[in-house]
Amino acid sequence: MLRSFKSPISSLTGSLSQLTGGRRTLASATKKQHSLPAAYYRGGTSRAVFFKESDLPDRSSWDNIFRGVIGSPDPYGRQLDGLGGGISSLSKVCVVGKSTRCDADVDYTFVSLGVENSDVDYSSNCGNMISAVGPYAVDSMLFPVDSTTTDSVSVRIHNTNTGKIITSTFPVVDGEAASSGVFTIDGVAGTAARVQLDFVNPAGSVTGKLLPTDNALDVFDGVSATCIDVANPCVFVRAEELGVPGNMTPDEIAANESLLQRLDSIRRQAGVKMGIANHQSLVPGSIPKVCLVSSPVSDARSTEKKQTESDVDLVVRSMSVGQPHKAVPITVALALAAAARVSGSTVETSASKDPVDSSGITIGHASGNLLVGAKFSEDGTVNAATVYRTARRLFEGRIFWKNN
(Lines give C-alpha, C1' and ligand atoms only; values in the text may rest on other atoms or scores of the structure.)
Protein backbone atom coordinates (compact mmCIF):
# COMPACT_ATOMS: atom_id res chain seq x y z
CA MET A 1 0.00 0.00 0.00
CA LEU A 2 1.40 3.32 -1.07
CA ARG A 3 1.18 6.28 1.23
CA SER A 4 1.57 9.93 0.26
CA PHE A 5 4.76 11.42 1.56
CA LYS A 6 5.48 15.12 2.06
CA SER A 7 9.15 15.82 2.40
CA PRO A 8 10.46 18.17 5.10
CA ILE A 9 11.99 20.29 2.33
CA SER A 10 8.63 20.86 0.60
CA SER A 11 7.04 21.78 3.96
CA LEU A 12 9.81 24.26 4.66
CA THR A 13 9.44 25.77 1.20
CA GLY A 14 5.72 26.24 1.78
CA SER A 15 6.33 27.87 5.14
CA LEU A 16 8.90 30.25 3.65
CA SER A 17 6.50 31.10 0.86
CA GLN A 18 3.80 31.97 3.40
CA LEU A 19 6.26 34.05 5.43
CA THR A 20 7.58 36.04 2.48
CA GLY A 21 4.04 36.50 1.20
CA GLY A 22 3.11 37.91 4.60
CA ARG A 23 6.08 40.26 4.43
CA ARG A 24 4.97 41.45 1.00
CA THR A 25 1.49 42.13 2.39
CA LEU A 26 2.98 44.01 5.34
CA ALA A 27 5.21 46.04 3.05
CA SER A 28 2.30 46.99 0.81
CA ALA A 29 0.34 48.22 3.87
CA THR A 30 3.21 50.34 5.18
CA LYS A 31 3.52 53.81 3.69
CA LYS A 32 5.47 56.95 4.39
CA GLN A 33 3.65 59.78 6.12
CA HIS A 34 2.74 62.93 4.26
CA SER A 35 3.88 66.35 5.46
CA LEU A 36 3.43 70.05 4.76
CA PRO A 37 4.65 73.33 6.28
CA ALA A 38 2.22 74.45 8.97
CA ALA A 39 1.86 76.37 12.21
CA TYR A 40 -0.25 76.00 15.33
CA TYR A 41 -1.84 79.03 17.00
CA ARG A 42 -4.10 79.82 19.89
CA GLY A 43 -6.70 82.39 18.95
CA GLY A 44 -8.90 83.64 21.78
CA THR A 45 -10.27 80.54 23.52
CA SER A 46 -9.64 78.19 20.57
CA ARG A 47 -6.67 76.59 18.79
CA ALA A 48 -6.15 75.66 15.14
CA VAL A 49 -3.63 74.37 12.63
CA PHE A 50 -2.65 77.07 10.12
CA PHE A 51 -1.67 76.46 6.51
CA LYS A 52 -0.45 78.94 3.93
CA GLU A 53 -2.76 78.44 0.97
CA SER A 54 0.15 78.33 -1.47
CA ASP A 55 1.59 75.31 0.40
CA LEU A 56 -1.57 73.23 -0.01
CA PRO A 57 -2.33 71.05 -3.04
CA ASP A 58 -5.53 71.26 -5.08
CA ARG A 59 -8.59 72.06 -2.97
CA SER A 60 -10.13 68.68 -3.74
CA SER A 61 -7.45 67.19 -1.45
CA TRP A 62 -8.07 69.50 1.50
CA ASP A 63 -10.72 67.46 3.32
CA ASN A 64 -8.60 64.32 3.66
CA ILE A 65 -5.51 66.30 4.63
CA PHE A 66 -7.38 68.20 7.33
CA ARG A 67 -8.97 65.05 8.75
CA GLY A 68 -5.56 63.37 8.98
CA VAL A 69 -3.92 66.42 10.56
CA ILE A 70 -6.65 66.91 13.18
CA GLY A 71 -7.24 63.21 13.85
CA SER A 72 -10.85 62.86 12.73
CA PRO A 73 -13.00 60.92 12.79
CA ASP A 74 -12.16 59.44 16.19
CA PRO A 75 -14.76 57.06 17.70
CA TYR A 76 -13.05 57.56 21.07
CA GLY A 77 -13.66 61.32 20.86
CA ARG A 78 -10.11 62.32 21.82
CA GLN A 79 -8.31 62.88 18.48
CA LEU A 80 -5.11 61.45 19.97
CA ASP A 81 -3.74 60.61 16.53
CA GLY A 82 -3.85 64.24 15.43
CA LEU A 83 -3.72 67.80 16.73
CA GLY A 84 -7.39 68.08 17.65
CA GLY A 85 -8.31 68.21 21.31
CA GLY A 86 -11.53 66.21 21.42
CA ILE A 87 -13.82 69.28 21.53
CA SER A 88 -15.14 71.58 18.82
CA SER A 89 -13.05 74.59 19.89
CA LEU A 90 -9.87 72.57 19.29
CA SER A 91 -10.91 70.81 16.08
CA LYS A 92 -10.16 73.56 13.58
CA VAL A 93 -8.02 74.48 10.58
CA CYS A 94 -7.29 77.93 9.14
CA VAL A 95 -6.02 78.57 5.61
CA VAL A 96 -4.49 81.99 4.91
CA GLY A 97 -3.26 83.33 1.59
CA LYS A 98 -2.89 86.37 -0.61
CA SER A 99 -6.07 88.39 -0.88
CA THR A 100 -8.37 88.07 -3.86
CA ARG A 101 -9.96 91.44 -3.01
CA CYS A 102 -8.54 94.95 -3.31
CA ASP A 103 -10.03 95.99 0.06
CA ALA A 104 -8.19 93.27 2.02
CA ASP A 105 -4.61 92.22 2.69
CA VAL A 106 -5.16 88.46 3.11
CA ASP A 107 -7.82 85.82 2.50
CA TYR A 108 -8.77 83.57 5.40
CA THR A 109 -10.78 80.35 5.14
CA PHE A 110 -12.01 78.71 8.32
CA VAL A 111 -12.59 74.95 8.51
CA SER A 112 -14.43 73.17 11.31
CA LEU A 113 -13.99 69.40 11.65
CA GLY A 114 -16.17 66.89 13.42
CA VAL A 115 -14.57 65.04 16.31
CA GLU A 116 -16.25 61.63 16.09
CA ASN A 117 -17.54 62.02 12.54
CA SER A 118 -15.89 62.87 9.22
CA ASP A 119 -17.56 66.28 8.73
CA VAL A 120 -15.40 69.01 7.17
CA ASP A 121 -17.41 72.23 7.35
CA TYR A 122 -16.60 75.44 5.44
CA SER A 123 -19.93 77.16 6.11
CA SER A 124 -19.00 79.53 8.96
CA ASN A 125 -16.43 81.93 10.34
CA CYS A 126 -14.66 81.58 13.71
CA GLY A 127 -14.33 84.83 15.63
CA ASN A 128 -11.83 83.42 18.10
CA MET A 129 -9.44 82.02 15.50
CA ILE A 130 -9.60 85.16 13.41
CA SER A 131 -7.69 86.86 16.23
CA ALA A 132 -4.70 84.73 15.19
CA VAL A 133 -5.01 85.35 11.45
CA GLY A 134 -3.36 88.79 11.52
CA PRO A 135 -0.44 87.57 13.66
CA TYR A 136 -0.02 84.53 11.37
CA ALA A 137 -0.02 86.79 8.30
CA VAL A 138 2.81 88.83 9.82
CA ASP A 139 4.78 85.83 11.13
CA SER A 140 4.53 83.98 7.80
CA MET A 141 5.51 87.06 5.78
CA LEU A 142 2.16 87.18 3.98
CA PHE A 143 1.96 90.68 5.48
CA PRO A 144 5.61 91.77 5.85
CA VAL A 145 6.43 94.66 8.20
CA ASP A 146 9.47 96.85 8.65
CA SER A 147 11.10 95.47 11.80
CA THR A 148 12.98 98.72 12.47
CA THR A 149 10.12 101.22 12.39
CA THR A 150 6.83 99.41 12.98
CA ASP A 151 5.44 98.76 16.44
CA SER A 152 1.82 97.98 15.51
CA VAL A 153 -0.09 96.98 12.38
CA SER A 154 -3.63 96.69 11.06
CA VAL A 155 -4.30 93.73 8.77
CA ARG A 156 -7.48 93.70 6.67
CA ILE A 157 -8.79 90.14 6.54
CA HIS A 158 -11.24 88.82 3.97
CA ASN A 159 -13.11 85.88 5.45
CA THR A 160 -13.96 83.70 2.44
CA ASN A 161 -16.62 81.76 4.38
CA THR A 162 -18.83 84.82 4.81
CA GLY A 163 -17.39 87.38 2.38
CA LYS A 164 -16.93 89.84 5.25
CA ILE A 165 -13.95 92.07 6.10
CA ILE A 166 -12.43 92.14 9.58
CA THR A 167 -9.58 94.47 10.53
CA SER A 168 -7.10 93.08 13.05
CA THR A 169 -4.88 95.54 14.93
CA PHE A 170 -2.07 94.37 17.22
CA PRO A 171 1.50 95.18 18.31
CA VAL A 172 4.59 93.78 16.59
CA VAL A 173 8.13 93.30 17.89
CA ASP A 174 11.16 92.92 15.58
CA GLY A 175 8.92 92.16 12.64
CA GLU A 176 6.86 89.48 14.42
CA ALA A 177 3.46 89.59 16.10
CA ALA A 178 3.86 90.39 19.79
CA SER A 179 2.75 87.73 22.24
CA SER A 180 3.58 89.33 25.60
CA GLY A 181 1.38 92.04 27.07
CA VAL A 182 -0.87 92.97 29.97
CA PHE A 183 -4.26 92.17 28.42
CA THR A 184 -6.35 89.26 29.70
CA ILE A 185 -9.39 87.41 28.42
CA ASP A 186 -11.58 85.11 30.47
CA GLY A 187 -10.98 81.45 29.68
CA VAL A 188 -7.24 81.84 28.97
CA ALA A 189 -4.64 81.88 31.73
CA GLY A 190 -2.09 84.66 31.96
CA THR A 191 -1.65 87.94 30.08
CA ALA A 192 -0.85 88.65 26.45
CA ALA A 193 -0.75 91.31 23.75
CA ARG A 194 -4.17 92.70 22.87
CA VAL A 195 -5.67 92.04 19.43
CA GLN A 196 -8.44 94.42 18.38
CA LEU A 197 -10.94 92.99 15.90
CA ASP A 198 -13.22 95.35 13.99
CA PHE A 199 -15.95 93.55 12.07
CA VAL A 200 -17.17 95.73 9.20
CA ASN A 201 -20.88 95.48 8.31
CA PRO A 202 -21.15 92.03 9.92
CA ALA A 203 -24.90 91.56 9.37
CA GLY A 204 -26.11 89.05 6.77
CA SER A 205 -22.93 86.99 6.78
CA VAL A 206 -24.60 83.92 5.23
CA THR A 207 -28.25 84.76 4.59
CA GLY A 208 -27.75 88.37 3.49
CA LYS A 209 -30.19 89.68 6.14
CA LEU A 210 -30.00 90.75 9.78
CA LEU A 211 -33.28 88.91 10.47
CA PRO A 212 -33.37 86.03 7.97
CA THR A 213 -36.95 85.03 8.85
CA ASP A 214 -38.11 88.68 8.89
CA ASN A 215 -39.30 88.12 12.46
CA ALA A 216 -37.95 89.16 15.84
CA LEU A 217 -39.54 86.01 17.24
CA ASP A 218 -40.24 82.60 15.77
CA VAL A 219 -41.55 79.50 17.51
CA PHE A 220 -40.00 76.05 17.12
CA ASP A 221 -41.27 73.05 19.10
CA GLY A 222 -43.31 75.48 21.18
CA VAL A 223 -40.24 77.50 22.18
CA SER A 224 -39.73 81.19 21.31
CA ALA A 225 -36.56 81.84 19.33
CA THR A 226 -34.81 84.78 17.71
CA CYS A 227 -33.01 84.02 14.44
CA ILE A 228 -30.33 86.57 13.56
CA ASP A 229 -27.37 86.67 11.18
CA VAL A 230 -24.45 88.81 12.37
CA ALA A 231 -20.95 87.38 11.78
CA ASN A 232 -22.64 83.96 11.80
CA PRO A 233 -26.30 82.87 11.78
CA CYS A 234 -27.51 82.26 15.34
CA VAL A 235 -30.64 81.13 17.16
CA PHE A 236 -31.26 82.41 20.69
CA VAL A 237 -33.76 80.73 23.01
CA ARG A 238 -34.62 81.53 26.64
CA ALA A 239 -33.35 78.97 29.12
CA GLU A 240 -36.48 79.37 31.22
CA GLU A 241 -38.70 78.25 28.33
CA LEU A 242 -36.73 75.03 28.19
CA GLY A 243 -37.05 74.57 31.94
CA VAL A 244 -33.34 74.81 32.73
CA PRO A 245 -31.22 77.36 34.63
CA GLY A 246 -29.36 79.82 32.45
CA ASN A 247 -26.09 79.35 34.30
CA MET A 248 -25.65 75.63 33.72
CA THR A 249 -22.07 74.47 33.37
CA PRO A 250 -20.94 72.96 30.03
CA ASP A 251 -20.68 69.55 31.72
CA GLU A 252 -24.26 69.81 32.98
CA ILE A 253 -25.47 70.68 29.49
CA ALA A 254 -23.49 67.83 27.94
CA ALA A 255 -25.05 65.38 30.41
CA ASN A 256 -28.61 66.54 29.66
CA GLU A 257 -29.41 64.45 26.59
CA SER A 258 -33.01 65.62 26.31
CA LEU A 259 -31.90 69.27 26.34
CA LEU A 260 -29.30 68.59 23.64
CA GLN A 261 -31.91 66.92 21.45
CA ARG A 262 -34.38 69.79 21.88
CA LEU A 263 -31.73 72.39 21.09
CA ASP A 264 -30.62 70.53 17.97
CA SER A 265 -34.21 70.16 16.80
CA ILE A 266 -34.76 73.91 17.23
CA ARG A 267 -31.46 74.66 15.50
CA ARG A 268 -32.29 72.52 12.47
CA GLN A 269 -35.80 73.93 12.09
CA ALA A 270 -34.38 77.44 12.35
CA GLY A 271 -31.71 76.61 9.77
CA VAL A 272 -34.40 75.70 7.25
CA LYS A 273 -36.53 78.78 7.99
CA MET A 274 -33.44 80.99 7.74
CA GLY A 275 -32.80 79.59 4.26
CA ILE A 276 -29.48 77.93 5.13
CA ALA A 277 -30.74 74.53 3.93
CA ASN A 278 -33.94 73.24 2.36
CA HIS A 279 -34.23 70.25 4.69
CA GLN A 280 -33.40 69.74 8.35
CA SER A 281 -31.04 66.86 7.54
CA LEU A 282 -28.99 69.20 5.33
CA VAL A 283 -28.44 71.93 7.94
CA PRO A 284 -24.66 72.18 8.57
CA GLY A 285 -23.28 71.25 11.96
CA SER A 286 -21.64 74.62 12.53
CA ILE A 287 -24.51 76.98 11.62
CA PRO A 288 -26.80 78.24 12.80
CA LYS A 289 -25.35 78.41 16.28
CA VAL A 290 -27.90 77.78 19.02
CA CYS A 291 -27.63 79.38 22.45
CA LEU A 292 -29.46 79.60 25.76
CA VAL A 293 -29.94 83.16 27.02
CA SER A 294 -31.13 84.37 30.40
CA SER A 295 -31.18 87.40 32.64
CA PRO A 296 -28.13 87.94 34.89
CA VAL A 297 -28.11 85.62 37.89
CA SER A 298 -25.83 84.88 40.82
CA ASP A 299 -23.59 81.89 40.22
CA ALA A 300 -21.16 81.09 43.00
CA ARG A 301 -20.10 77.63 41.82
CA SER A 302 -16.35 77.14 41.94
CA THR A 303 -16.25 75.93 38.33
CA GLU A 304 -17.32 79.34 37.05
CA LYS A 305 -16.55 82.96 37.66
CA LYS A 306 -19.30 84.44 39.78
CA GLN A 307 -21.78 86.36 37.67
CA THR A 308 -24.08 88.86 39.39
CA GLU A 309 -26.37 91.56 38.13
CA SER A 310 -23.56 94.08 38.63
CA ASP A 311 -21.14 92.05 36.49
CA VAL A 312 -22.99 91.31 33.25
CA ASP A 313 -25.96 92.37 31.15
CA LEU A 314 -26.84 88.92 29.85
CA VAL A 315 -25.97 85.28 30.55
CA VAL A 316 -25.42 82.93 27.60
CA ARG A 317 -24.57 79.27 27.09
CA SER A 318 -23.52 78.48 23.54
CA MET A 319 -23.50 75.24 21.57
CA SER A 320 -20.84 74.54 18.94
CA VAL A 321 -21.14 71.55 16.58
CA GLY A 322 -23.37 69.74 19.06
CA GLN A 323 -21.16 70.41 22.08
CA PRO A 324 -21.52 73.05 24.81
CA HIS A 325 -18.88 75.74 24.36
CA LYS A 326 -16.70 76.50 27.37
CA ALA A 327 -16.72 80.21 26.51
CA VAL A 328 -18.72 82.22 23.99
CA PRO A 329 -17.74 82.25 20.31
CA ILE A 330 -16.91 85.77 19.18
CA THR A 331 -19.35 85.55 16.26
CA VAL A 332 -22.09 84.61 18.73
CA ALA A 333 -21.16 87.57 20.93
CA LEU A 334 -21.50 89.91 17.95
CA ALA A 335 -24.91 88.45 17.12
CA LEU A 336 -25.97 88.89 20.75
CA ALA A 337 -24.96 92.56 20.68
CA ALA A 338 -27.15 93.08 17.63
CA ALA A 339 -30.07 91.01 18.93
CA ALA A 340 -30.08 93.06 22.13
CA ARG A 341 -31.15 96.02 19.98
CA VAL A 342 -34.01 94.15 18.26
CA SER A 343 -37.22 95.00 20.08
CA GLY A 344 -39.08 91.94 21.34
CA SER A 345 -36.25 89.50 20.66
CA THR A 346 -35.37 86.83 23.21
CA VAL A 347 -32.11 88.66 23.86
CA GLU A 348 -33.64 92.13 24.22
CA THR A 349 -36.21 90.89 26.74
CA SER A 350 -33.56 88.98 28.74
CA ALA A 351 -30.78 91.60 28.80
CA SER A 352 -30.37 94.18 31.53
CA LYS A 353 -31.82 97.59 30.70
CA ASP A 354 -29.03 99.31 32.64
CA PRO A 355 -25.76 98.26 30.92
CA VAL A 356 -22.69 97.53 32.99
CA ASP A 357 -20.57 99.39 30.41
CA SER A 358 -22.09 102.05 28.18
CA SER A 359 -19.76 101.11 25.30
CA GLY A 360 -21.51 97.81 24.67
CA ILE A 361 -23.09 94.70 26.11
CA THR A 362 -21.30 92.63 28.77
CA ILE A 363 -21.96 88.93 28.25
CA GLY A 364 -21.56 86.34 30.99
CA HIS A 365 -20.41 82.97 29.64
CA ALA A 366 -19.17 79.72 31.16
CA SER A 367 -15.60 80.99 31.60
CA GLY A 368 -16.21 84.62 32.57
CA ASN A 369 -17.32 87.86 30.92
CA LEU A 370 -16.94 89.49 27.50
CA LEU A 371 -17.65 93.08 26.48
CA VAL A 372 -18.79 93.61 22.89
CA GLY A 373 -18.99 97.08 21.41
CA ALA A 374 -21.19 97.71 18.39
CA LYS A 375 -22.15 100.69 16.24
CA PHE A 376 -25.65 100.91 14.81
CA SER A 377 -27.36 103.08 12.25
CA GLU A 378 -30.70 104.74 12.98
CA ASP A 379 -32.60 101.82 11.45
CA GLY A 380 -30.85 99.36 13.75
CA THR A 381 -28.41 97.99 11.20
CA VAL A 382 -25.04 96.94 12.61
CA ASN A 383 -22.38 99.09 10.93
CA ALA A 384 -19.43 97.70 12.86
CA ALA A 385 -18.62 95.66 15.95
CA THR A 386 -15.45 95.49 18.00
CA VAL A 387 -14.07 92.85 20.33
CA TYR A 388 -10.68 92.36 21.94
CA ARG A 389 -8.86 89.03 22.09
CA THR A 390 -5.35 87.61 22.42
CA ALA A 391 -3.44 85.14 20.25
CA ARG A 392 -0.10 83.33 20.25
CA ARG A 393 2.03 81.23 17.93
CA LEU A 394 2.60 77.84 19.57
CA PHE A 395 4.76 76.13 16.95
CA GLU A 396 5.67 76.17 13.29
CA GLY A 397 7.43 73.63 11.11
CA ARG A 398 6.10 70.60 9.25
CA ILE A 399 2.98 68.72 10.16
CA PHE A 400 2.58 65.00 9.39
CA TRP A 401 -0.48 62.92 8.61
CA LYS A 402 -1.27 59.50 7.22
CA ASN A 403 -4.08 58.26 5.03
CA ASN A 404 -5.99 55.39 6.61
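**Close-up views of a predicted model**

**View 1. The buried residues of helix α6.** In this predicted model, the buried residues of α6 are I330, T331, V332, A333, L334, A335, L336, A337, A338 and A339, where buried means under 20% relative accessible area, exposed over 50% and partly exposed in between, computed with a 1.4 Å probe on protein chains only. Helix α6 spans residues 330-339, and because 10 of its 10 residues are buried, it is largely enclosed by the rest of the structure. Helices (H or I, at least four residues) and strands (E, at least two) are DSSP runs, numbered from the N terminus.

**View 2. The salt bridge between R393 and D139.** The structure holds 11 salt bridges, each being a side-chain nitrogen of Lys or Arg within 4 Å of a carboxyl oxygen of Asp or Glu. In one of them, the side chains of R393 and D139 meet at 3.7 Å, N to O. This pair links distant parts of the chain, since R393 lies in strand β19 (residues 391-401) and D139 in helix α3 (residues 130-139), 254 residues apart. D139 counts as buried, at 14% relative accessibility, whereas R393 is partly exposed, with a relative accessible area of 24%.

**View 3. The salt bridge between E176 and R393.** R393 also forms a salt bridge with E176, the closest N and O atoms being 3.1 Å apart. Here too the pair links distant parts of the chain, with E176 in strand β8 (residues 176-177) and R393 in strand β19, 217 residues apart. E176 counts as partly exposed, at 39% relative accessibility.

View 4. D264 forms a salt bridge with R268, and their closest N and O atoms are 2.9 Å apart. The two residues are four residues apart in helix α5 (residues 257-273), so D264 and R268 are separated by about one helical turn. D264 is partly exposed, with a relative accessible area of 29%, and R268 is likewise partly exposed, at 24%. Elsewhere, salt bridges that share partners join D139, E176, R393 and E396 into one network.

**Notes to the views.** Residues are numbered from 1 along each chain as its sequence is written, and side-chain values use heavy atoms, with hydrogens and water left out. Because the model is predicted, local features need pLDDT of at least 70 and side-chain atom pairs count only at pLDDT 80 or more, while totals for chains, interfaces and linings use all residues.
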